[in-house]
Amino acid sequence: MNQSSSAIALHDETQSDAKKTYSAKVYSARSATSALAPGSIQRRTPRPQDIQIEILYCGVCHSDLHQARNEWVSVMPTVYPCVPGHEIVGRVVKAGSAVKKFKEGDIAAVGCMVDSDRVCPSCRAGEEQYCDGPATFTYNSVDTHIGGVTYGGYSESIVVDEAFALRVSKQLNLAATAPLLCAGITTYSPLRHWNVKKGQKVGIAGLGGLGHMGLKFAHAFGANVVLFTTSPNKTEDALRLGAHEVVISKNEAEMQKHLGSFDFILDTVSAVHDLNAYIDLLKRDGTLTLVGAPPTPSPILGFGPLARRRQLAGSMIGGIRETQEMLDFCAEHGITCDIELIRIEQVNEAYERLLKSDVKYRFVIDMASLK
Ligand code: NAP
Ligand code: ZN
């Protein structure tokens with residue numbers, strides 16, 4: 001064989017290796033209206049830079065529900081079958097020859113992204129979630145390796161480039177760590193970006209998966225924290241989780257007492273609600289940052305922002321470097337999520353409870369129940 005034909009042969013072999021797959025058990029939605037049910041999908045066999053993770057725990061994010069039910073159809077239509085899940089913690093069962101960060105037997109975690117173009121300005125800044133590529137999200141993104149779409153963590157295993165896998169401290173409870181990979185970083189990142197600190201009055205709207213982590217972080221960063229909830233029965237928990245004060249957001253008189261007084265409010269609410277009421281609570285140059293992603297638009301009255309030069313902003317998860325920083329911060333400060341551990345066959349019931357704001361404060365699936 002001459003040099004050029006051997007180069008082609010090698011190239012062919014690499015191509016076919018890249019397409020090799022194995023079958024993995026999953027729970028998936030087959031349509032926007034069907035319940036999640038058992039099935040199987042193909043995953044790529046690990047390449048040199050990949051790790052294969054046996055999934056131990058996967059959190060249930062409200063985004064999983066929005067996506068499984070195709071509620072974001074105008075922005076990110078769902079491709080079926082859809083395997084949700086982007087709060088993943090597991091054990092490395094295979095490590096490719098070029099992998100440096102992990103070895104077999106290590107604990108590894110995966111959040112909302114599994115790749116990005118790595119060259120655009122956002123990737124260079126370590127903000128891969130805003131990749132121009134765009135980023136490859138853990139589920140319902142184009143799978144650039146084997147075609148089709150990516151499949152998430154309601155599965156027995158996942159294969160990911162080590163650059164998008166995170167290290168988890170042995171000191172942390174693994175089930176209670178899983179939701180840090182989305183609920184944790186999605187609240188940590190904006191609180192850090194807007195420099196929330198001691199001496200500030202900070203609001204967190206909604207006490208669900210994201211909200212309870214926002215509360216813990218804002219408290220840890222030293223702010224005076226007010227929790228806004230529609231559920232009066234969550235008041236005691238909110239105080240225990242770090243709120244200095246709890247406001248029932250449906251009570252107009254209670255809301256009025258706080259007009260023009262907040263430096264920063266983080267809105268984690270999953271359903272459409274009145275944003276103007278929160279904008280009015282900001283002081284001059286205060287910021288309302290949306291992380292909640294309700295599928296329907298919310299009208300804004302221009303007078304709210306213009307009256308005190310207030311700002312309305314948004315934030316999406318966080319980059320890989322910052323996600324590792326958040327996990328390390330949690331290990332150092334003993335912060336994890338408050339969870340309800342469920343079996344995989346309880347996931348449909350969990351979705352119904354999410355819709356009733358009835359979770360304390362994140363469902364986590366024990367993936368051993370899928371075996
Ligand atoms: P969750 O656990 O269901 O919590 C949402 C909370 O919103 C509920 O517990 C409830 O809190 C409040 N709420 C629900 N319906 C409401 C209504 N009609 N009016 C007022 N408040 C209401 O959801 P999650 O997993 O934390 O996710 C929250 C949102 O963030 C979802 O839309 C999700 O898709 C989005 N998300 C965004 C990102 C991002 O990168 N930006 C990442 C993850 C998730 P109370 O009972 O305290 O009122
Ligand atoms: Zn999420």
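Q: How many cavities of 30 Å³ or more does the count come to?
A: Keep in mind that this is a predicted model. A cavity here is a spot where a 1.4 Å probe fits but cannot get out. With the cut-off at 30 Å³ or more, the count comes to 2 cavities.

Q: Which elements give two or more residues to the lining of the largest cavity?
A: This cavity holds about 200 Å³ of space. Its lining takes in 17 residues, with Arg 44, Val 114, Asp 143, Thr 150 and Val 159 nearest the centre. The elements that supply two or more lining residues are β2 (37–44), β6 (113–115) and β8 (157–161).

Q: How many charged residues are in the lining of the second largest cavity?
A: This one has about 70 Å³ of space. Among the residues around it are Cys 112, Met 113, Phe 164, Leu 166 and Ile 185, along with glycines such as Gly 318 and Gly 319. The lining splits into 8 nonpolar and 4 polar residues, and the number of charged ones is none.

Q: Why does the protein count as being as compact as a globular protein of its length?
A: The chain folds into 12 helices and 17 strands. For 371 residues the globule rule gives 21 Å, and the protein is as compact as a globular protein of that length because its radius of gyration is close to that, at 21 Å.

Q: What percentage of the residues count as buried?
A: Buried means under 20% relative accessible area. Of the 371 residues, the share that counts as buried is 53%.

Key
Residues are numbered from 1 along each chain as its sequence is written. Chains are lettered from A and ligands numbered from 1 in the order in which they are written. This is a predicted model: local features need pLDDT of at least 70, side-chain atom pairs count only at pLDDT 80 or more; totals for chains, interfaces and linings use all residues. Side-chain values use heavy atoms; hydrogens and water are left out. On a 1 Å grid over the protein atoms alone, a cavity is a set of points where a 1.4 Å probe fits but cannot get out, and a pocket is an open set with protein on both sides within 12 Å along at least five of seven lines; lining residues have an atom within 4 Å of a point. Grid points are joined across faces, edges and corners, and a volume is the space filled by probe spheres set on the points. Helices (H or I, at least four residues) and strands (E, at least two) are DSSP runs, numbered from the N terminus. Ala, Val, Leu, Ile, Met, Phe, Trp, Tyr, Cys and Pro count as nonpolar, Asp, Glu, Lys and Arg as charged, and the others, Gly among them, as polar. The radius of gyration is taken over C-alpha atoms; the globule rule is 2.2 Å times the number of residues to the power 0.38. Buried means under 20% relative accessible area, exposed over 50%, partly exposed in between (1.4 Å probe, protein chains only).
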